[in-house]
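Hello,

Here is the structure I promised to pass on. Please open it first, then read my notes below.

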Amino acid sequence: GVVGLTSLLVETQLNKEQREFAEAINACGQSLLTIINDILDFSKIEAGKLKIEEVSFSLHSLFDNLIAVIALRAKEKNLSVHFTVNPKIPPQVIGDPLRIAQIIMNIGNNAVKFTEQGRIDIEFDGSLNEKGNVLNLTMRITDSGIGMSAAQLDRIFKPFTQADGSTNRKYGGTGLGLAIVSQLTELMNGRLDATSTMGKGSTFEVELPLKAFK
């Protein structure tokens, strides 16, 4: 209600100060909503109540929608986004598009959040098994951001943990996003890997097995 009504409010005639207040309320509402959703998802996963769906969906539509959102956020920081898709990837697969989108958005938003200048590279690749009925989808997101040390990298997938104490103060967040990414990847029988260099950026790679049409 707060997010929806303030979104409508900023579309009305307001003076500059009123608009700034309304936009601040909206931003705070969005942040609170993200925190609540993260906590709910984390609680469901911990309780074993989160179910992975299997529905037919278009990978291309999923990619297009996600890239549009990530690119918009990157544009606000004057970052360039480079998007690469292997044309051999089947357009239609069976899996959980909501949770796959959640994984990509969490990693993509982090890439934008922790990058002050440079670029974000997003790559989608994949290969079919011998029978042609399973696609091993690989999603790789690389940024030119602040990077992490080996010790920090070792902590980032633990719940309520961020790279260091100053990260939360400067960038905000719950420290749950990457923990959820890790758990969702595991629930979908996938693989998650991350590499990083201090001051030079990070790369996150997720591989998920999805049913493909013959």
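A term first: a pocket here is an open set of grid points with protein on both sides within 12 Å along at least five of seven lines. Its lining residues have an atom within 4 Å of a point. Keep in mind that this is a predicted model.

Now the second largest pocket. It holds about 190 Å³ of space. Lining it are 13 residues, and E54, I94, M188, P209 and L210 are the closest to its centre. Two elements, β3 (92-95) and β7, each give two or more residues to this lining. The largest share comes from β7, with three residues. By class, the lining has seven nonpolar, two polar and four charged residues.

How many cavities of 30 Å³ or more does a search of the whole structure find? The search finds one. The largest cavity has a volume of about 30 Å³. I103, I104, I107, M139, I141, F204 and V206 line it. Elements giving two or more residues to that lining are α4 (97-113), β5 (134-143) and β7 (201-212). Helix α4 gives the most, three residues. The lining of the largest cavity has seven nonpolar residues, no polar and no charged ones.

Last, the surface. L32, I36 and L40 form a nonpolar patch there. Together they have about 270 Å² of accessible area. L40 sits in helix α2 (residues 16-46). Its relative accessible area is 47%, so L40 counts as partly exposed.

Best wishes

Definitions and conventions
Residues are numbered from 1 along each chain as its sequence is written. This is a predicted model: local features need pLDDT of at least 70, side-chain atom pairs count only at pLDDT 80 or more; totals for chains, interfaces and linings use all residues. Side-chain values use heavy atoms; hydrogens and water are left out. Patches are made of residues with over 30% relative accessible area and no salt bridge: like charges are joined within 9 Å, nonpolar side chains (Val, Leu, Ile, Met, Phe, Trp, Tyr) within 5 Å. Accessible areas come from the Shrake-Rupley method with a 1.4 Å probe; for residues, only the protein chains shown count as cover. A salt bridge is a side-chain nitrogen of Lys or Arg within 4 Å of a carboxyl oxygen of Asp or Glu. Helices (H or I, at least four residues) and strands (E, at least two) are DSSP runs, numbered from the N terminus. Buried means under 20% relative accessible area, exposed over 50%, partly exposed in between (1.4 Å probe, protein chains only). On a 1 Å grid over the protein atoms alone, a cavity is a set of points where a 1.4 Å probe fits but cannot get out, and a pocket is an open set with protein on both sides within 12 Å along at least five of seven lines; lining residues have an atom within 4 Å of a point. Grid points are joined across faces, edges and corners, and a volume is the space filled by probe spheres set on the points. Ala, Val, Leu, Ile, Met, Phe, Trp, Tyr, Cys and Pro count as nonpolar, Asp, Glu, Lys and Arg as charged, and the others, Gly among them, as polar.
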